[in-house]
Amino acid sequence: MVHSAPAGRPGGGIVSVLAVAGIVGSLMQTLVVPLVGELPRLLDATPADTSWVITVTLLVGAVATPVVGKLGDLYGKRRMMLICSLPLIAGSVVCALAGSLIPMIAGRGLQGLGVGMIPLGVSALRDLLPPQRVGPAIALMSSSMGIGGALGLPLSAAVAQYADWRMLFWGSAVLSVLVAVLIWLLVPATPVSAKGRLDLVGALGLGAALVCLLLGVSKGGDWGWGSGTTLGLLGAAVLVLLLWAVYELRARDPLVDLRTTARPQVLLTNLASILVGFAMYAQSLVLIQILQLPEATGYGLGQSMLAAGLWLAPSGLMMMAVSSLGARLSAARGPKTSLFVGVLIIALGYGTALGLMDWAWGLMIAGCVASIGVGLAYGAMPALIMGAVPQSETASANSFNTLMRSIGTSVSAAVVGVVLAQMTVTVGGHALPSESGFRTALLLGCGVALSAALVTLTLPKPRPAVPAASHPADDVLGPAGAPGSVAALRSETAFGTAEVSRPGGHGEQVRPPGPAAQGGAPLPPAQAEVARLTARVTRAMERGHEELGPWGDAFRSHDAGTGRHQAHADPFRPQQHDPRQSPGHDSRPGSGGLSADERAELLWMRAENAELRTANADLRSANEELTRENGVLRKELDVLMQSVSLWVKNLAER
């Protein structure tokens, strides 16, 4: 993985701001859940029409996420996060002022555009943080999505129950403004590594396919799964996706690089994301209904919306609590292990729910167990994606992964809805989901989680940092794919002068020796590549001697004839005459026997060494800070677990 962030940047404020942005973005998805039953009265519309208040956010968010991700790669992730905050603010204000259905749907659609802020923030961490901070930061940022969803439900229920419903949207507008200001002040600009332009045709094609797919899935239960509208939408989605894929494979600057997406690690991670999204959402749909159904059913627990939300709120806190644990597990065993352990814990959460359905505290424990698994899985998936794609595609790849999770939650809502609609009992003249229907839904979610575990096992093993088949010079020039590596050199021009990028943005012209350097015919590609490689190896060796300072001569061979120390012979470099013996060489007193170009090169190397020493000191400082933060987090986690244990014990005693 290539990081562009300076090694010494602590980034504590950056992580906090992006985590808050993730919480606010996910909060928008559960904001109106407590109002669903009241919306027909508040907006003077039918229940079928008011359901679009939730559906439109899902549709707009799904379409906007991959487009915003691509724009983040092209124009900067910080810039696009700020742009995403604008429709989030505007949508909240429109909903707060809405008095009818159409303005409310329009405002919720604008809020859906802000969902793209979440994958942008995850991918920006790779650009803004030193390597040792990226793993924990990704885990925390990913868990923020679950925290927003878990805490948003009781908060929204409390506001809807004890205050004016419009306060929900005024509050979300204030939070959105706060997030935008914090991003503007504390998040630095991210480097732009991608080139090209936005694929408008690809964006329209993918948007049309997603609208058809998600609309058919989300509305299939209302329209009928065998109706012509539902089947037509699903068939159109498949057809448009096939045509879109053909176009993207031929496009010069595709919206989604399908060749990269087809890599086993990316493809299987996205498939696991769909299954994890399904498993995560299925349990939330089941638990909230069991808590709220009347006790007269024999299995309902008769809790109010606010009480049910409070029972499930600890699950969001558990996601935050395990984020650092997941980061350490990924660092020690790899993100594949974290994902595998996470989905197994999700399955265990479903099993816990099956055994503790009769108690509210039992469902709370089941939700906490499942949320621990979701936290581990959500923290591992972005790491797997970013470890398999070029840095220029991190935002679009993460956005596509987020889209896969959204598809999983949409399919989960449809499937669980069908199961509960088909397995009902009649209580007081109303058809309600039966206990066997809830148990079937829980077993289905458990099976999907176990399927995700099987998919995770098929993920390829991580490759070593320096592949065994790589060129030996990669040990000096960097891993394959890094600037200056053999793979990067092969992508450069094979003739004449090659442009070599140096750290800090400088560049130099490296002209291989031989006829091409003397104005003759260009070298053959193979010889030109060897010449360029030789030049870089030699410079790296000389740079190493310079770093050794006065001890550098201990690693040079002594020439008895001249009284000078000579560098070790380079077996790849053609032997040439000493430039210091040429008539044009500057041998005046004070020149040190070096030409003007050599003196400039020496000054550049000294400056580079000074930068490296400063970066090393900053890295040590950041490491010490990270150690202190880990100690604080461990203490906070101990206190949290003791509080939760005491709470559960008190509930059990009652």
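Predicted model: local features only at pLDDT ≥ 70, side-chain atom pairs only at ≥ 80, totals over all residues.

Where α4 and α5 touch, V68, L71, G72, D73 and Y75 of α4 meet K77, R79, M80 and C84 of α5. Sorted by class, the residues of this contact are five nonpolar, one polar and three charged. Helix α4 covers residues 52-75 and helix α5 covers residues 77-97. Their axes come within 7 Å and cross at roughly 135°.

The average pLDDT of the protein chain is 75, and 75% of the residues score at least 70. Residues 1-10 have a pLDDT below 50, and this stretch has 34 contacts in the model beyond near neighbours in sequence. Residues 464-522 also have a pLDDT below 50. For that stretch, 90 contacts in the model go beyond near neighbours in sequence.

The next element is a pair of strands. Strand β1, residues 424-427, and strand β2, residues 430-433, run antiparallel and are joined by four bridges. Within this pairing, V425 is opposite L432 in β2, while V427 has H430 of β2 as its bridge partner. The two strands form a hairpin with two residues between them. In the turn, G428 has a positive phi of about 65°.

Which helix holds F438, and where does its aromatic partner lie? F438 is in helix α19, residues 435-457, whereas Y299 is in the loop between α13 (264-292) and α14 (305-321). The two residues are 139 apart, and the pair links distant parts of the chain. A pair of aromatic rings is described by the distance of the centres and the angle of the planes. For Y299 and F438 the values are 6.1 Å centre to centre and 65° between the planes. Planes over 60 degrees apart count as edge-to-face, so Y299 and F438 form an edge-to-face pair. A search of the whole structure finds three aromatic pairs.

Helix α13 also contains L285. Which residues does L285 contact, leaving aside neighbours within four places in sequence? They are S412, A413 and V416. L285 and A413 are 128 residues apart in sequence, but their C-alpha atoms are 7.6 Å apart in space.

Technical notes
Residues numbered from 1 in each chain as written. Heavy atoms only, no water. Pairing = 2+ DSSP bridges. Axes fitted to C-alpha atoms, helices over the stretch in contact; angles between N-to-C directions. Contact = heavy atoms within 4.5 Å. Nonpolar A, V, L, I, M, F, W, Y, C, P; charged D, E, K, R; others polar. pLDDT = per-residue confidence, 0-100. Phe/Tyr/Trp six-rings, centres within 6.5 Å; stacked < 30°, edge-to-face > 60°.
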